[in-house]
Amino acid sequence: MAEINIEQLRNAAGEATALLRTLAHEDRLLLLCQLSQGELCVSDLELELGIYQPSLSQQLGVLRRQGLVATRREGKNIYYRVVDEKTLAVLQTLYELFCGK
C-alpha cells in the first residue's frame, strides 16, 4: 500500500473545501447546475432560475473568481459556461444523489 503524503492530502483537502464552500450557496448551486447543461447568457439565467439582479451578478462573480465559470461577450450579452471539470464531476454526483431516479 502506498504511503500517504500528508502535504498532498492537506492541499487536496484545501481545494475540496474551497469548492464545497462555493457549492454550499443555493443560488450558486442552481446556477452551476443550469450551466452544466451548456452555455447561457445572464438574461436566460435570470428568467429560468428566478434569481434577479444584483444577486445574480454577485453570485456569477463569485463563480468566476473561483475559476469555476468563464464568460464570453456577444454584443450586449455575456454568456457563462462551467469550465472546471472537477466541479462538473461533483455536480453530476450531486444530481445522481438528490435529483436522479
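Which residues does Gln59 touch, not counting residues up to four places away in sequence? The notes below begin with the model itself and return to this residue in point 4.

1. Basis of the model. This is a predicted model, in which local features need pLDDT of at least 70 and side-chain atom pairs count only at pLDDT 80 or more, while totals for chains, interfaces and linings use all residues. Residues are numbered from 1 along each chain as its sequence is written, and side-chain values use heavy atoms, with hydrogens and water left out.

2. Overall make-up. The protein has five helices and three strands. Helices (H or I, at least four residues) and strands (E, at least two) are DSSP runs, numbered from the N terminus. Read from the N terminus, the order of elements is α-α-β-α-α-β-β-α. Along the principal axes, the C-alpha atoms fill a box of roughly 55 × 35 × 20 Å.

3. Surface and burial. The accessible surface of the protein is about 7,200 Å², and 53% of it belongs to carbon and sulfur atoms. Accessible areas come from the Shrake-Rupley method with a 1.4 Å probe; for residues, only the protein chains shown count as cover. Of the 101 residues, 26% count as buried. Buried means under 20% relative accessible area, exposed over 50%, and partly exposed in between (1.4 Å probe, protein chains only). Among contacts (heavy atoms within 4.5 Å) between residues at least 6 apart in sequence, 50% join residues at least 24 apart.

4. Helix H4 and Gln59. Gln59 lies in helix H4 and is buried, with a relative accessible area of 6%. Leaving out residues up to four places away in sequence, Gln59 touches His25, Asp27, Arg28 and Leu31. The buried residues of H4 are Leu56, Gln59, Leu60, Gly61, Val62 and Leu63. The elements they pack against are helix H1 (6–23), helix H2 (26–35), H3, E2 and E3.

5. Backbone at the two ends of H4. Pro54 sits in the loop between helix H3 (42–49) and helix H4 (55–65). The peptide bond that joins Gln53 and Pro54 is cis, with omega about 0°. Just after H4, Gly67 takes a positive phi of about 80°.

6. The sheet. Three strands form an open sheet in the order E1-E3-E2, with antiparallel pairing. Strand E1 (40–41) and strand E2 (69–74) stand at the edges with a single partner strand each, so one side of each is left without a neighbour in the sheet. Two strands count as paired if DSSP finds at least two bridges between them. Two bridges join E1 to strand E3 (residues 77–82), and Leu40 stands opposite Tyr80 in E3. Six bridges join E2 to E3, and these two strands also run antiparallel. Strands of a sheet pair through backbone hydrogen bonds, either parallel or antiparallel.

7. The E2–E3 hairpin. Glu74 has Asn77 in E3 as its bridge partner. Two residues lie between the strands of this hairpin, and Gly75 takes a positive phi near 65° there.

8. Arg72. This residue lies in strand E2 and is partly exposed, with a relative accessible area of 32%. Arg72 lies over the face of Tyr79, at 4.5 Å from the ring centre. A charge sits over a ring if NZ of Lys or CZ of Arg is within 6 Å of the ring centre and within 35 degrees of the ring normal. Apart from neighbours within four places in sequence, Arg72 is in contact with Glu39, Asn77, Ile78, Tyr79 and Arg81. Glu39 is 33 residues from Arg72 along the chain, and their C-alpha atoms are separated by 9.6 Å.

9. Cysteines. Cys33 is partly exposed, with a relative accessible area of 35%, whereas Cys41 counts as buried at 4%.
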